[in-house]
Amino acid sequence: MAQWTQMKQLIPYLATQILNELYSPSFPMDVRCYLANWIEEQRWEDFEPEKVDQEPQALTLLDQIISCLQNLAGQNPNVVERMRLQRISRNMNMFRSQPFQLVLTVRDVLRKERELLSQASTQFPGLARFSQPPAQDSMAAAPPTRDVDLLVLKVLEIQDCRQQIHQLQEELNWERQNYESMQGTLQQTQTNGMDPSMSEVTKLQTNIKQHEYNGQVIAKKRVQLLQEAVSSLEKCQSRLINRIKAWRWEQHQATIGHPFDDNLSPLQTWCEQLLGVNGKLRQEVMLAGEPIPELQERLGRLLQTLIQSSLMVDKQPPQVIKTQSKFSTTVRYLLGEKVAPGKPVLFKAQIITEAQARNLGQLGSLPSENVGELINNTAILEHNTSGKSTCATFRNMSIKKIKRADRKGSESVTEEKFALFFTTEISITGCDIPYKIQMISVPVVVIVHGSQDNNALATIIWDCAFSEPERIPFLVPERVPWKQMCRTLNSKFMSEVGTQRCLDNYNQHFLAQKIFDKPDIAGDYSNMLVSWAQFNKEVLPGRPFTFWQWFDGVIELTKKHLKSYWSDGLIFGFIGKQHLHLILKDRPNGTFLLRFSDSEIGGITIAYVAPSENGGQKIQNIQPSTKRDLEIRSLGDRIQDIDFITHVYPDLPKNDVFRKYYTDNPLPRDTTSGYLVVSIQTKVGVDQGNGASASPFYSLSPNNQFQTPFQLAPVPLQGGMYPDPLSNPNGLFPGPDMSQGPTSEMELEEILNTLSE
């Protein structure tokens, strides 16, 4: 009795030791994770010390633990690990006399583990993520390990049932052979007049019936497990397909600056795992005693869907493609390591229209008409061992010609969307037939001249921002809520400029005033709808450009010349003159702010408080500086040049905040060449009717006696206007009026196509 009590006291210690050995680093991570997940999924909390009637359930759970360890050992290719798992499973048999005590020990260990993690997460918040379930987004980004592990466990259980059936069948064959032999012996003894003993015969008959019954029970259980496993595989694969679609959608949204993780390795692992499970289940169905057509059909459909859904456009083509220009794109096959060796897999690409993309509903229906001539449109699928990826990269592709569809109404060629269509035939190891797989790229707009780039980009922005995930290619709404448009503009601005500073409420409000032509600063635009025409089809009132052309010009200017100024909060940005006067009217003279020009594309202007002629104050706006101006002299140096602007709104001394942007140094005298050193400075004059204008002045070195600054003065034309050859490439004569929209695009395209032939 004392020995039994001592053994009972040792059970918690022995159980803990075994658990520690299972979780030791000497086992691979996948084995430890598998066991940890399996143990955590069991209902340990159902057991209580006072419920002694739960001992049968505890014994069942112990049997499941031993079976799980034995199955893991049988599947492990590593001999040492396999022997260790077998030894641990044998050691678990010592708990058969006290399974209830074992279950309670495991329950207490898990409780203590959760308690320690909870304490650690309160003391060290960074550890909280290890003790809490992952967020929904992160769960979607990686394969659901637990789901796959449960599938693997079901497969192991099915295999174990098959082995039990095989073992029972062998024992049944042996018993039947003995029974037949004993039957012959009985007949011989009866012939000789001897009295035979029927006990052995009855025992054999009973054993045969019991084996037959056990075999039927296990076979029925095996079929049930197969049904459950296939259903679980369908659910798990459905989640995988949804995650693949989500990845493609996130990739599409990345064009407008949305965050996007382009890592495909988790999805590849998930695909490979499900392919392996599918193969094992198909094998188990084939090894079943009787064919199960329904399961074979379901597994076949799952296999085909998985193989055809594993093709991804890893690197999308540029979404605005100019004819005769080189570009590249890459497709990746997530089951690349399972591709049957032998014949190389050749991918082919072709360009398709929006109408053709809509007709690709059924796999295998290839576009009948070739709408474009695509050069270098084939690539071989190659495996990268180091990166564990299998890709086909189309290098130096080019669209030589493109065939346009008939346009509707005032539709422009830059509103027409195409896509690249990738196809091949692939064979997977373990599959009897090859499969045709295909995928289309994100929408692209094909242009023939750089002047079309801006309008084409507007089409892409609208498509990426406002299309639905499961849309018919490539449908987009004609109108969208302003708040949705506002988020898009902010995201695009931040991603293109490369800044963490967003457009604030003042900026967003002015953009709404601009696009809706509503000067009232008190208006609420959040529920108003913005149309495609307002975005990039109709020119802004009184301007020769559209809203998008103007906004994109600001993005380009900020990205190339003003990124640091914007990120440091030195540029107020988008603000109307009415609001400008409101916030500057009570400020002292010399207070200024930087705002983007609303009268020309890609300009930034200085608005400042100046004394008026009657002793009051007035708001002046200095002539906007464009990208060309800032290439000549930076914004910081221009601000340094202007003495009468002294404080940045609200009241920051300009030299304190802009000093790091000043680049001018005292001019040295060039004594070697004999030339006078020239510097450039900004001078602000008064332009009649338009307030202040800033012009660059060239001044000689102060070491020279000729210190009077001079300016290259162009001869004014009639009406007081000055010619600007740089801004008007056609010279002094005005070009064609482009304010009515791109009416000459087709003519330009036809001319360029003719020249290229």
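**Figure 1. Helix α18 and its packing partners in the predicted model.** The buried residues of α18 pack against α15 (505-516), β14 (591-596), β15 (603-611) and β16 (617-621). Packing here rests on contact, meaning heavy atoms within 4.5 Å. Helices (H or I, at least four residues) and strands (E, at least two) are DSSP runs, numbered from the N terminus. This is a predicted model, in which local features need pLDDT of at least 70 and side-chain atom pairs count only at pLDDT 80 or more, while totals for chains, interfaces and linings use all residues. Residues are numbered from 1 along each chain as its sequence is written, and side-chain values use heavy atoms, with hydrogens and water left out. Helix α18 spans residues 577-584, and its buried residues are H579, L580, I583 and L584. They fall within an arc of 120 degrees, seen down the axis of α18, so they line one face of the helix. The arc is that of the directions from the helix axis to the C-beta atoms. Buried means under 20% relative accessible area, exposed over 50%, and partly exposed in between (1.4 Å probe, protein chains only).

**Figure 2. The open sheet β6-β4-β9-β10.** In this view, 4 strands form an open sheet in the order β6-β4-β9-β10, with antiparallel pairing. Two strands pair if DSSP finds at least two bridges between them. Strands β6 (378-380) and β10 (435-440) are the edge strands, and each pairs on one side only. On average, neighbouring strands of this sheet are turned by 25 degrees against each other, direction ignored. Axes are lines fitted to C-alpha atoms, for helices over the stretch in contact, and angles run from 0 to 180 degrees between N-to-C directions.

**Figure 3. The β9 and β10 pair, with helix α11.** Strand β9 covers residues 418-426 and pairs with β10 over 6 bridges, in the antiparallel sense. T424 has I437 in β10 as its bridge partner. Helix α11 (residues 293-309) packs on the sheet and touches β9 and β10. The direction of α11 makes about 45 degrees with that of β10. Strands of a sheet pair through backbone hydrogen bonds, either parallel or antiparallel.

**Figure 4. Strand β1 and its partner β3.** Strand β1 (residues 311-315) is mostly covered, with 4 of its 5 residues buried. It is joined to strand β3 (residues 327-333) by 4 bridges, and the two run antiparallel. M312 stands opposite R332 in β3.

Figure 5. A salt bridge is a side-chain nitrogen of Lys or Arg within 4 Å of a carboxyl oxygen of Asp or Glu. D147 forms one with R239, and their closest N and O atoms are 2.6 Å apart. D147 lies in helix α8 (residues 145-191) and R239 in helix α9 (residues 199-253), so the pair ties together parts that are 92 residues apart in sequence. D147 is partly exposed at 24% relative accessibility. R239 is partly exposed too, with a relative accessible area of 38%. E228 and K154 also meet through their side chains in a salt bridge (3.3 Å, N to O). This pair links distant parts of the chain, 74 residues apart, with E228 in helix α9 and K154 in helix α8. E228 is partly exposed at 31% relative accessibility, and K154 is partly exposed with a relative accessible area of 21%.

Figure 6. The side chains of D108 and R107 meet in a salt bridge at 2.9 Å, N to O. D108 is partly exposed, with a relative accessible area of 38%. R107 counts as buried, at 5% relative accessibility. Elsewhere, K492, E496, E556, K559 and K560 are linked in a network of salt bridges. The salt-bridge count comes to 27.

Figure 7. C486 is in no disulfide, and the nearest cysteine sulfur, that of C502, is 9.9 Å away. C486 is buried, at 8% relative accessibility. C464 is buried as well, at 0% relative accessibility.

**Figure 8. The whole protein for reference.** The protein has 22 helices and 21 strands. Buried residues make up 42% of its 757 residues. Among contacts between residues at least 6 apart in sequence, 67% join residues at least 24 apart.

Note on methods
A disulfide is a pair of cysteine sulfur atoms within 2.5 Å.
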